[in-house]
Amino acid sequence: MSNYKMETKCIQSGYQPGNGEPRILPIYQSTTFKYDNSEQMGRLFDLEESGYFYTRLQNPTNDAVAAKICDMEGGVAAMLTSSGQAASFYAIMNIVEVGDHIVCASALYGGTYNLYAHTIKKMGVDATFVDPDCTEEELDAAFTDRTKAVFGETIANPALVVLDFEKFAKAAHAHGVPFIVDNTFATPVNCRPFEWGADIVTHSTTKYMDGHATSVGGAIVDSGNFDWAAHADKFPGLTTPDETYHGIVYTERFGKGAYITKATAQLMRDLGSIQAPQNAFLLNIGLETLALRMERHCQNALAAARYLQDHEKVAWVSCPALPGDKYHELAQKYMPGGTCGVITFGLKEGRDAAVRMMDSLDMIAIVTHVADARSCVLHPASHTHRQMNEQELMEAGVQPDLIRFSVGIENIDDIIADLEQALRQV
């Protein structure tokens with residue numbers, strides 16, 4: 001499917017029915033798969049053959065959807081996880097050990113920040129957070145001899161910082177480590193990080209990919225471009241024998257598929273954060289309309305940003321697609337066709353006014369979600385990022401008055417009318 005355009009990949013990639021087979025991807029709602037003899041199942045357990053024996057490791061529905069996302073991103077292998085958080089966790093833990101270190105852009109989704117700043121620290125892995133707008137020299141200074149990866153978000157949630165891929169990729173590769181990018185907000189419709197030097201991409205498929213707030217999920221895609229064997233001493237988990245699989249070496253046995261094979265066969269085997277086949281089925285339905293929806297999300301977001309920018313009660317608006325925005329130039333470079341449907345803004349009267357305005361909305365809902373078909377708002381400092389202290393909030397680009405506005409695909413006139421009546425209540 002690699003020669004097809006993105007709109008076609010959204011619909012056609014991943015599952016190709018044969019003669020007389022279901023046109024729509026079936027849901028393989030089974031925990032187990034039958035075999036005629038013990039020897040064949042043994043070969044599956046030893047990774048000597050490819051096939052299905054237990055859904056925690058692999059499932060045909062999940063694999064078809066992962067293959068579609070892989071094709072959309074331009075990768076060589078992909079896997080689904082139970083959530084975006086699981087994808088962020090696996091992506092790092094697949095290549096680090098106790099005593100290792102990662103470098104992260106500080107403008108991150110709050111859950112990811114807590115995962116890397118606190119949770120994996122308890123597992124013996126440290127993280128250094130750098131301002132995404134830092135100089136090359138400042139970025140270089142963040143590395144240590146134990147650094148194993150660099151992580152950032154294409155468009156930070158909710159700060160809407162656009163990551164300078166080339167700067168971060170250059171630093172990562174100069175230090176012999178992979179560059180991992182969370183591409184949730186842009187989606188491969190608007191940005192393909194592999195084309196700008198990223199090595200691995202993660203997604204919270206819960207957001208735009210699903211698009212309808214039905215199913216929590218995540219995905220990891222490997223470009224196949226990072227040469228693990230060339231840095232064998234840094235990544236022994238991939239380049240030395242795995243005794244839990246009779247001493248196989250992933251890079252030797254699976255080549256460009258080594259990273260995803262290890263994550264599936266080892267991490268998913270032991271930690272079990274698999275996506276349910278039913279959720280993968282629903283995700284696939286969402287993917288089919290992703291290109292259409294992203295176009296409408298971006299159009300509506302830009303129109304809403306322009307309206308808010310001109311409103312007398314609005315202090316500031318952040319939208320990378322908006323001319324004059326701090327990140328407009330980077331957005332045009334990396335995402336010329338559009339960014340995402342999320343914008344942020346603050347009111348002149350501050351945090352309390354923001355809360356009053358949100359409480360006055362009629363159609364636009366207050367929910368702990370973002371990036372689906374329905375317009376919604378959230379106050380991150382009070383909700384998604386409330387576990388972070390003031391310094392962490394500022395490092396993540398989350399001002400106390402920041403309202404995250406996920407602009408849906410409703411009629412823009414109705415969206416703006418709801419904003420207008422709510423702003424009158426402030």
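Predicted model: local features only at pLDDT ≥ 70, side-chain atom pairs only at ≥ 80, totals over all residues.
Leaving aside neighbours within four places in sequence, D126 is in contact with D100, H101, I102 and K121. A291, by comparison, stands 165 residues from D126 in sequence, and the C-alpha atoms of the two are 38 Å apart in space.

Two pairs of packed helices were examined. Two packed helices are described by the angle between their axes and the distance between the axes. Helix α4, residues 84-93, packs with helix α5, residues 110-122, at an angle of about 45 degrees, and the axes are 10 Å apart. The helices α4 and α5 are therefore oblique to each other. Their crossing is right-handed. On the α4 side, the contact is made by Q85, S88, F89, I92 and M93, and on the α5 side by G111, T112, L115, Y116 and I120. Divided by class, the residues of the contact of α4 with α5 are six nonpolar, four polar and no charged.

The second pair consists of helix α3, residues 60-73, and helix α12, residues 277-288. The angle between α3 and α12 is about 35 degrees, and their axes lie 8 Å apart. In this pair the crossing is left-handed. The residues contributed by α3 are T61, N62, V65, K68, I69 and M72, and these meet P277, A280, F281, L283, N284, L287 and E288 in α12. The contact of α3 with α12 has eight nonpolar and three polar residues, together with two charged residues.

Helix α7 spans residues 165-174, and its buried residues are F165, K167, F168, A169, A171 and A172. What covers them includes the strands β2 (101-105), β3 (126-130), β4 (147-153) and β5 (179-182). The helices α6 (136-141) and α14 (328-334) are also among the covering elements. Just after α7, G176 takes a positive phi of about 70 degrees.

The backbone was then considered at several further positions. Most residues other than glycine have a negative phi, and most peptide bonds are trans. N157 and P158 are joined by a cis peptide bond, with omega about 5 degrees. P158 is found in the loop between β4 and α7. The loop between β4 and α7 also holds L160. L160 is not a glycine, yet its phi is positive, at about 60 degrees. The relative accessibility of L160 is 0%, and L160 therefore counts as buried.

A positive phi is likewise found at A371, a residue other than glycine, where the value is near 70 degrees. A371 lies in the loop between β10 (365-366) and β11 (376-378). Because its relative accessibility is 0%, A371 counts as buried.

A371 is also one of the residues touched by K207. Not counting residues up to four places away in sequence, K207 touches T184, H369, V370 and A371. The place of K207 is in the loop between β6 (200-204) and β7 (218-222). With a relative accessible area of 16%, K207 is buried, because the value is under 20%. An unreviewed UniProt entry lists K207 for "modified residue: N6-(pyridoxal phosphate)lysine".

A213 is likewise found in the loop between β6 and β7. Whereas K207 is buried, A213 is partly exposed, with a relative accessible area of 44%. Not counting residues up to four places away in sequence, A213 touches H369 and D372. Q309 is 96 residues from A213 in sequence, and the C-alpha atoms of A213 and Q309 are 29 Å apart in space.

Notes. Residues numbered from 1 in each chain as written. Heavy atoms only, no water. Axes fitted to C-alpha atoms, helices over the stretch in contact; angles between N-to-C directions. Helix = DSSP H or I, 4+ residues; strand = E, 2+ residues; numbered from the N terminus. Parallel < 35°, antiparallel > 145°, perpendicular 65-115°, else oblique. Left-handed = near helix turned anticlockwise from the far one by under 90°. Contact = heavy atoms within 4.5 Å. Nonpolar A, V, L, I, M, F, W, Y, C, P; charged D, E, K, R; others polar. UniProt positions renumbered as here; feature names shortened; annotations may be inferred. Buried < 20%, exposed > 50% of the residue type's maximum accessible area, 1.4 Å probe, protein only.
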